[in-house]
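Morning, everyone. Please have the sequence and the model open while I talk.

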Amino acid sequence: MIDEKELKYIIALTLIPHVGSITGRKLIAYTGSAEAVFRENYKTLRKIPGVGDYISRQKNTPGIIEKAEEEILFLKKNNIKWLTYHDTDYPERIRQCPDAPLILYFRGENIFNHPKTLSVVGTRRATSYGIEFCQKIIRDLADKGLDPVIISGLAYGIDYHAHLAALNTGLKTVAVLAHGLHTLYPFDHRRLAGKIEKAGALITDFTSSENPERNNFLKRNRIIAGMSDATLVIESGISGGALITADFAGSYNRDVFALPGRAGDPLSSGCNLLIKNNKAALIESADDLQYLTGWDKKNVQNLPRQRVMFPELN
């Protein structure tokens with residue numbers, strides 16, 4: 001765990017305009033620490049590939065350090081936990097992604113490195129076909145003893161039913177939010193969010209100054225995809241947010257699955273397109289998912305792992 005001083009500068013780095021996860025990690029890699037980024041002179045920073053003049057000057061934006069200090073006070077006051085990408089218990093699957101966040105904030109239990117994780121996403125206007133399939137496949141995965149953590153975005157429709165099905169079957173579940181932990185969207189799901197916090201976690205990479213704006217939901221989708229071994233899309237239109245999550249998952253070399261629907265059905269057109277373009281495997285049951293992921297209970301448990309190469313050498 002990093003010290004509070006470095007934490008402050010990591011948070012401050014995320015507050016610099018136009019500095020995202022990739023640029024932030026690059027700045028730290030070149031200077032040695034987040035604190036060093038703010039102490040380094042402008043001429044040195046602008047020479048870092050991909051940084052340039054504009055970003056180099058933005059670190060001097062007034063009030064950034066003060067906002068970072070306020071954020072730490074907010075975290076402590078509200079018992080919010082955090083993980084930086086330096087920490088050993090940072091979600092390992094996200095760490096493998098090129099745009100992994102510098103810091104994640106969460107309430108609940110750190111179950112992010114669970115052996116099996118599955119994202120379940122889909123339309124907010126779910127039909128009985130999608131809802132029933134969502135409930136059944138999660139129940140069947142639980143009955144098989146596979147015990148995956150179910151990850152979704154707490155939105156209306158499929159997200160809601162995925163979280164609820166996980167809770168009802170005794171599985172852990174994680175809700176990835178598109179805003180800071182100072183609020184909750186949608187507010188109608190506050191009771192569900194409370195249950196998720198007790199049987200899983202609420203997680204975000206946004207500070208308490210970030211509200212649920214449109215672009216934040218697109219950024220949130222990369223976390224949903226990055227945290228998971230596989231992403232399952234259950235009902236989606238051609239331009240649905242679930243397809244963006246599926247695209248992120250594909251770019252991270254993760255499995256993508258989709259529930260097929262009737263030809264011409266607007267709420268299945270996105271899933272059918274994923275399957276038609278070979279971007280997703282067709283899924284009809286928990287057996288299909290288990291086979292395609294290789295989640296064989298007998299073979300996955302207690303596999304020997306060589307953790308150190310050449311342990312006799314310094």
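This is a predicted model: local features need pLDDT of at least 70, side-chain atom pairs count only at pLDDT 80 or more; totals for chains, interfaces and linings use all residues.

Let's start inside. Nonpolar side chains tend to be buried together in soluble globular proteins. Here, the largest nonpolar core has 69 residues. Helix α1 gives the most to this core, with 6 residues. Which residues have the most contacts inside the core? They are Val174 and Met227. Look at Met227. Leaving aside neighbours within four places in sequence, Met227 touches Val174 itself, and also Phe112, Ile151 and Ile203, among others. Its contacts also include Arg93 and Arg254. There is a second, separate core too, of 23 residues. Leu141, Ile158, Leu171 and Leu232 are among them.

Next, helix α2, residues 21–31. Its buried residues include Leu27 and Ile28, but also Ser21, Thr23 and Arg25. What covers them? The cover includes α1, α3, α4, α5, α7 and α11. Just after α2 comes Gly32, with a positive phi of about 105°.

Now the cysteines. How many disulfides does the structure hold? The count is 0. A disulfide is a covalent bond between the sulfur atoms of two cysteines. Take Cys134: the nearest cysteine sulfur belongs to Cys271, and that is 12 Å away.

On to charges. The structure holds 12 salt bridges.

First, Lys8 pairs with Glu69, with the closest N and O atoms 3.5 Å apart. Lys8 is in helix α1 and Glu69 in helix α6, so the pair ties together parts 61 residues apart in sequence. Lys8 counts as buried, at 16%. Glu69 is partly exposed, at 37%.

Second, Lys172 meets Glu109, at 3.0 Å from N to O. Both sit in loops: Lys172 between α9 and β5, Glu109 between β2 and β3. They are 63 residues apart.

Third, Lys144 and Asp287, at 2.4 Å. Lys144 lies in the loop between α8 and β4, and Asp287 in helix α14, so this bridge ties together parts 143 residues apart in sequence. Lys144 is partly exposed, at 30%. Asp287 is partly exposed as well, at 45%.

One last item. Salt bridges with shared partners join Lys5, Glu35 and Arg39 into one network. Thanks, that's my tour.

Terms used:
Residues are numbered from 1 along each chain as its sequence is written. Side-chain values use heavy atoms; hydrogens and water are left out. Buried means under 20% relative accessible area, exposed over 50%, partly exposed in between (1.4 Å probe, protein chains only). Helices (H or I, at least four residues) and strands (E, at least two) are DSSP runs, numbered from the N terminus. Contact means heavy atoms within 4.5 Å. A nonpolar core is a set of buried Ala, Val, Leu, Ile, Met, Phe, Trp, Tyr and Cys residues joined through side-chain atoms within 4.5 Å. A disulfide is a pair of cysteine sulfur atoms within 2.5 Å. A salt bridge is a side-chain nitrogen of Lys or Arg within 4 Å of a carboxyl oxygen of Asp or Glu.
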